[in-house]
There are 2 protein chains.
Amino acid sequence: MNKKYFRFSQATVAYYPAESFQSLKHIADQRTTVLLTDENVFSAHTKKFRNWNTIILKPGEAYKNQAAVDSIIEELIGLKCDRNFTLVGVGGGVVTDITGYVAGIYMRGIRFGFVPTSLLAMVDASIGGKNGVDVGVYKNMAGLIRQPSFILHDLNFLASLPDAEWYNGFAEIIKHASVKDAAMFKELEQSSPALFMKNKKLAGELIQKNVRLKHKVVMKDEFETGERKLLNFGHTLGHAIENLYALSHGRSIAIGMSFAAKLSENLLGFKQRERVEALLEKYQLPVQLDYEKGKVLEVLTMDKKRSGTTINFILIKKTGQGIIHPISLNQLAEEL
Amino acid sequence: MNKKYFRFSQATVAYYPAESFQSLKHIADQRTTVLLTDENVFSAHTKKFRNWNTIILKPGEAYKNQAAVDSIIEELIGLKCDRNFTLVGVGGGVVTDITGYVAGIYMRGIRFGFVPTSLLAMVDASIGGKNGVDVGVYKNMAGLIRQPSFILHDLNFLASLPDAEWYNGFAEIIKHASVKDAAMFKELEQSSPALFMKNKKLAGELIQKNVRLKHKVVMKDEFETGERKLLNFGHTLGHAIENLYALSHGRSIAIGMSFAAKLSENLLGFKQRERVEALLEKYQLPVQLDYEKGKVLEVLTMDKKRSGTTINFILIKKTGQGIIHPISLNQLAEEL
């Protein structure tokens with residue numbers, strides 16, 4: 001099995017970039033492993049789950065909450081899971097976020113790994129150890145930072161991925177390109193979503209590039225005291241509108257990125273706002289939304305990135321180069 | 001302010017052994033601190049909480065659950081707490097357990113400290129970083145290990161402590177003596193609960209001795225791979241009966257210790273079972289309970305110390321010297 005290691009201060013993540021789901025049993029003993037998945041993934045791939053203890057969640061961000069955590073813990077107790085068990089999240093970002101969180105708190109922490117099945121989970125959500133659940137409209141308000149023991153990619157899962165889910169994933173890829181990788185930005189401009197969707201090799205290369213990029217940033221700054229903040233590009237406004245308007249994560253942060261690009265233009269003289277918007281649109285992502293400013297501002301006030309009356313906003317100085325820019329809540333209110 | 005430091009791999013705990021509650025404001029800024037307490041402590045010491053943001057919980061183990069965590073998080077959001085806030089648990093073990101847990105997961109972790117107000121919380125619950133909540137009858141099934149930034153002892157809180165709460169605390173002190181400190185065991189035999197209850201200086205010395213003992217064990221083995229397990233003496237049967245019969249923690253583990261002493265006699269030829277029982281009785285603690293074996297065994301099966309069909313039981317070889325003794329669930333069933 002081809003694998004790479006990403007080393008963190010307290011853990012090492014084994015990454016299997018191109019493996020069959022069948023191989024999972026060589027990484028996690030079936031007798032002491034529980035898979036966590038959702039109804040969508042389970043019904044599209046039922047056979048794969050044969051011989052595995054499996055807990056099936058209701059799909060979607062609306063179920064990424066404490067009630068789901070409670071019911072999973074009760075099921076784990078029912079399955080008589082002790083501290084030697086491994087929890088494996090097989091699904092998109094919601095599943096991997098909940099899996100990491102439950103594994104972090106069950107009996108004060110058990111081993112866990114991920115088999116991300118969506119593009120977004122492969123390039124972003126499953127990487128970096130952030131996990132958690134929402135509290136009301138507030139995203140990821142309860143959670144931990146804890147690295148998985150392994151991440152296994154089986155690109156065959158992408159075959160059953162709806163188009164909208166591809167675009168969701170491209171939003172995070174465009175984010176990576178915008179703040180860290182001008183060359184990838186250009187590559188995305190020269191390609192198209194359809195090209196990646198029909199060419200597994202091309203998609204695989206793009207995924208691995210993003211896995212490396214994100215791990216590199218997180219290994220330098222696991223607990224987000226500096227550079228890792230750049231990966232929040234588009235996520236401040238994005239998170240605020242996501243649960244308020246029940247938008248997909250990709251669409252929310254696309255709107256957030258385009259707002260942040262406008263802000264970058266106004267505050268830093270960033271010259272390529274149209275280029276960012278054009279790329280988002282090329283990948284079928286929205287660049288604006290008619291939202292209620294008052295409500296959005298209220299949610300923004302509880303953003304985890306706030307410190308007193310200031311939010312660390314992520315802007316771009318030039319394409320491929322993000323910067324952290326503290327901005328007051330008042331100024332933000334005006335810009336909205 | 002007199003203080004000591006206990007250093008862990010990822011954190012340092014500042015311990016203020018004899019301070020007035022008034023001093024708390026020099027350790028935690030009132031503008032960015034929220035106190036967590038329960039109705040009992042709040043009504044006995046209402047004035048102390050003036051000028052502090054305070055969240056008041058319903059008292060008792062029955063409320064140490066996820067619902068309490070949810071409502072605290074909602075109150076923290078209501079108070080607009082950001083990541084720079086400090087959470088301080090002012091209360092007994094239930095309050096400190098919940099405080100550490102909420103602080104560990106709120107926005108993926110904020111600073112926290114403890115002002116334990118009961119003898120049990122001072123000598124045991126507030127020390128060592130274990131926190132969490134119960135899930136049904138299963139104790140501490142969701143939780144973390146994370147050290148507080150500080151622990152402040154104000155012995156004046158003990159003045160309002162009901163006698164039963166003193167005995168609760170003595171149970172953990174007898175536990176420490178039984179597995180780690182033969183001299184303290186003897187000292188307890190030669191003294192009496194009444195002596196400590198009426199002599200603040202004597203109580204203070206006993207408390208500090210136990211704080212040092214527990215920190216010493218935990219600093220050597222924070223994540224309980226070895227020696228820290230000894231501190232589970234009496235806690236295997238103890239935890240199983242505690243929520244099943246709504247017993248106090250101290251009474252539960254006293255029954256657990258006396259069972260473990262009997263087991264030590266049967267399996268290891270331990271010769272001083274009567275001495276342990278006599279000491280428990282001297283400190284007003286029970287040494288037996290007529291429980292339903294089937295039910296208890298069912299809960300024991302989900303003990304966090306179980307690994308497959310074996311439980312790491314803590315026995316005593318001789319007074320003051322605990323050992324870890326793996327025992328099968330079947331053998332345990334017979335001994336019960």
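# Two chains, one shared surface

Because 100% of the interface residues of chain A are also interface residues in chain B, the copies meet through the same surface. This is a predicted model.

Visitor: Hi! What rotation superposes chain A on chain B?

Guide: A rotation of 180°, with 0.0 Å of shift along its axis, and the RMSD is 0.0 Å. That is the relation of a two-fold axis.

Visitor: Nice. Which residue of chain A comes closest to that axis?

Guide: A:Gln66, whose C-alpha lies at 4.0 Å from the rotation axis.

Visitor: And how many residues of chain A are in contact with chain B?

Guide: There are 35 residues of chain A in contact with 35 residues of chain B. The area buried between the two chains is about 3100 Å², and carbon and sulfur atoms give 58% of that area.

Visitor: Which three residues supply more of chain A's buried area than any other three?

Guide: They are A:Ile77, A:Arg108 and A:Lys304, which supply 23% of the area that chain A buries against chain B.

Visitor: Let's go inside. Which residues have the most contacts in the largest nonpolar core?

Guide: A:Ile73, A:Tyr106 and A:Leu188, along with B:Ile73, B:Tyr106 and B:Leu188. That core has 192 residues. In soluble globular proteins, nonpolar side chains tend to be buried together.

Visitor: What is A:Tyr106 in contact with, leaving aside neighbours within four places in sequence?

Guide: In chain A, the contacts of A:Tyr106 are A:Ile73, A:Leu76, A:Ile77 and A:Cys81. From chain B, A:Tyr106 is in contact with B:Met141 and B:Met302.

Visitor: Changing topic: what is the strand order in the seven-stranded sheet of chain B?

Guide: The order is S1-S2-S9-S6-S5-S3-S4, in an open sheet with mixed pairing. Strand S1 (4-7) and strand S4 (53-57) are the edge strands, each pairing on one side only. On average, neighbouring strands are turned by 20° against each other, direction ignored.

Visitor: How many bridges join S3 to S4 there, and do they run parallel or antiparallel?

Guide: Five bridges join strand S3 (residues 33-38) to S4(B), and the two run parallel. Within that pair, B:Leu35 has B:Thr54 as its bridge partner.

Visitor: Which strands does helix H3 of chain B touch?

Guide: Helix H3 (residues 66-78) touches S3, S4 and strand S5 (86-91), and its direction makes about 160° with that of S4(B). Helix H4 (residues 93-105) also packs on the sheet, touching S3, S4, S5 and strand S6 (111-116). The direction of H4 makes about 170° with that of S5(B).

Visitor: Now A:Glu224. Is it buried or exposed?

Guide: Buried: the relative accessible area of A:Glu224 is 11%, and the cut-off for buried is under 20%. A:Glu224 sits in the loop between helix H9 (200-220) and helix H10 (235-244) of chain A.

Visitor: What is A:Glu224 in contact with, leaving aside neighbours within four places in sequence?

Guide: A:Lys130, A:Lys229, A:Asn232 and, from the other chain, B:Arg83.

Visitor: Last one: what is the order of the three-stranded sheet in chain A?

Guide: S10-S11-S12, an open sheet with antiparallel pairing. Strand S11 (residues 310-318) and S12(A) pair over eight bridges, and A:Phe313 stands opposite A:His325 in S12(A). Helix H11 (residues 249-268) packs on this sheet, touching S11 and S12, with its direction at about 80° to that of S11(A).

Key. Residues are numbered from 1 along each chain as its sequence is written. Chains are lettered from A and ligands numbered from 1 in the order in which they are written. This is a predicted model: local features need pLDDT of at least 70, side-chain atom pairs count only at pLDDT 80 or more; totals for chains, interfaces and linings use all residues. Side-chain values use heavy atoms; hydrogens and water are left out. Copies are superposed by least squares on the C-alpha atoms of residues with pLDDT of at least 70 in both. Contact means heavy atoms within 4.5 Å. A nonpolar core is a set of buried Ala, Val, Leu, Ile, Met, Phe, Trp, Tyr and Cys residues joined through side-chain atoms within 4.5 Å. Buried means under 20% relative accessible area, exposed over 50%, partly exposed in between (1.4 Å probe, protein chains only). Two strands pair if DSSP finds at least two bridges between them. Helices (H or I, at least four residues) and strands (E, at least two) are DSSP runs, numbered from the N terminus. Axes are lines fitted to C-alpha atoms, for helices over the stretch in contact, and angles run from 0 to 180 degrees between N-to-C directions. Buried area is the accessible area (1.4 Å probe) that two parts lose on being put together, summed over both.
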